[in-house]
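This briefing goes through one protein model by topic. The sequence and coordinates come next, and the notes follow them.

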Amino acid sequence: MNRGEVIIRFFIRTGMVVTMLMPFYVHAEWDEWVADAELSFTSDDNINRGLFGKEELSDQYWSGFASLGRLYHLSGFTRFDLSTRVNGRVHHEFSRLNQVNTGIQLGVRHKFGLGPAQPWVRAYVDSGYIFSRSEIRNGFLTNAGIRIGQPINHRISVEIGYEFDYRESDDGKSIPDVRLVQTGLTPNLSNSVFDLIGHSAKAQLKLALTEHILVNIGYTFRAGDIVSVNTNSQAAEIQSIVDAVVNDDAFPGWAYRADGLTNVYSATASYALLEGQALINLQYRHIASHARSWSYRNNVFQVAFNYRF
């Protein structure tokens, strides 16, 4: 599938989703435009998700994000939102990971009554396309989920949610069977390494320490496909977990897909300024994934500036 066909498929999918949701918002009351922009700097100590300590590679990258959307009130307690976004990142060390992503998000939020203490629920679907310098990382990415929130008091609130993620990416060039056998892998392995499916359960605790400082403690458990990049010399050790393999065009070595479990622990401190229109965020994430007896870990630090227009 060439790049033109991929772009056409993306717009066809987006148009189908919008068309299906048209009855929900054609009679809605237009409320307001919402626009967001963010600039961030991130450091990742295992950017390739290496399974072995000696194979872990670190990198830093700048990211940018911008979105524009519209809110529609379906009723006094229910609103619909539709937004488009573009985001991208530029890496310091591994430039073939540079990418620009575009997409559209649709959501419906319902609040169960008046007042700030009432619970709420939001369902959403987000679909977009990844344009990466790494050809095997190009492709569609769709996330759909539901979140439920409950304020405990004026300073504390909790959220739980479920998310399904699906990624359909371009296939890399198949590795000849003779090379697979020589390195300890079984022949006829798939080359669709970045065709990924996952299911996630999420929980967040939000603490408003002061009028300007918000702390967010989060946990995510994901069951599904994971990708790791290691040198060919390690193939024999992990052959029992490999579902797909391809020669990586961004890192030295081969990219492997395996079925695994991932735990993500995060802590974010946010400081509001400019009367609440802007936020400075400091975040730490610890990512621990396991595929049978093998595991990899990431420590990710990020500082970001977000502005809502």
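Predicted model: local features only at pLDDT ≥ 70, side-chain atom pairs only at ≥ 80, totals over all residues.

The protein has 309 residues, of which 43% are buried, and its secondary structure consists of three helices and 13 strands.

**Overall figures**

- The accessible surface of the protein is about 16,000 Å², and carbon and sulfur atoms account for 61% of that surface.
- Of the contacts between residues at least 6 apart in sequence, 61% join residues at least 24 apart.
- The structure contains 10 salt bridges.

**Surroundings of Asn 247**

- Asn 247 belongs to strand β10, which covers residues 244-247.
- Leaving out residues up to four places away in sequence, Asn 247 touches Ile 136, Ile 175, Gly 253 and Trp 254.
- With one of these, Trp 254, the side chain of Asn 247 makes a side-chain polar contact of 3.5 Å.
- Thr 231 lies 16 residues from Asn 247 in sequence, and their C-alpha atoms are 9.8 Å apart.

- Asp 81 sits in strand β3, residues 78-91.
- Asp 81 counts as buried because its relative accessibility is 10%, and the buried class is under 20%.
- Setting aside neighbours within four places in sequence, Asp 81 is in contact with Arg 70, Leu 71, Gln 105, Leu 106, Gly 107, Val 108 and Arg 122.
- The side chains of Asp 81 and Arg 122 make a polar contact of 2.8 Å.

**Salt bridges of Glu 159**

- Glu 159 forms a salt bridge with Arg 147, with 2.7 Å between the closest N and O atoms.
- This pair links distant parts of the chain, with Glu 159 in strand β7 (residues 156-169) and Arg 147 in strand β6 (residues 139-151), 12 residues apart.
- Glu 159 also meets Lys 206 in a salt bridge, at 3.0 Å from N to O.
- Glu 159 is buried, with a relative accessible area of 10%, whereas Arg 147 is partly exposed at 30% and Lys 206 is partly exposed at 22%.

- Arg 308 and Asp 36 form a salt bridge whose closest N and O atoms are 3.1 Å apart.
- The two residues are 272 residues apart, Arg 308 being in strand β13 and Asp 36 in strand β1 (residues 29-44).
- Asp 36 counts as buried at 11% relative accessibility, while Arg 308 is partly exposed with a relative accessible area of 44%.

**Nonpolar cores**

- The largest nonpolar core has 17 residues, and Leu 185, Val 242, Val 245 and Tyr 256 touch the most other members.
- The elements that contribute two or more residues to this core are α3 (235-238) and β11 (254-273).
- Of the elements, β11 gives the most to this core, with three residues.
- Another core, of 15 residues, lies apart from the largest one; its members include Phe 94, Leu 97, Leu 196 and Phe 251.

**Nonpolar surface patch**

- Leu 209, Ile 213, Tyr 271, Ile 280, Leu 282, Val 303 and Phe 305 make a nonpolar surface patch of about 590 Å².
- Strands β12 (278-291) and β13 (294-308) each supply at least two residues of the patch.
- Ile 213, one of the patch residues, is found in strand β9, residues 213-230.

Methods:
Residues numbered from 1 in each chain as written. Heavy atoms only, no water. Patch = residues over 30% accessible without salt bridge, like charges linked within 9 Å, V, L, I, M, F, W, Y side chains within 5 Å. Areas by Shrake-Rupley, 256 points an atom, 1.4 Å probe, with all protein chains shown as cover. Salt bridge = Lys/Arg side-chain N within 4 Å of Asp/Glu carboxyl O. Helix = DSSP H or I, 4+ residues; strand = E, 2+ residues; numbered from the N terminus. Buried < 20%, exposed > 50% of the residue type's maximum accessible area, 1.4 Å probe, protein only. Contact = heavy atoms within 4.5 Å. Polar contact = N/O pair within 3.5 Å; in protein donor to acceptor, adjacent residues only side chain to side chain. Core = buried A, V, L, I, M, F, W, Y, C linked by side-chain atoms within 4.5 Å.
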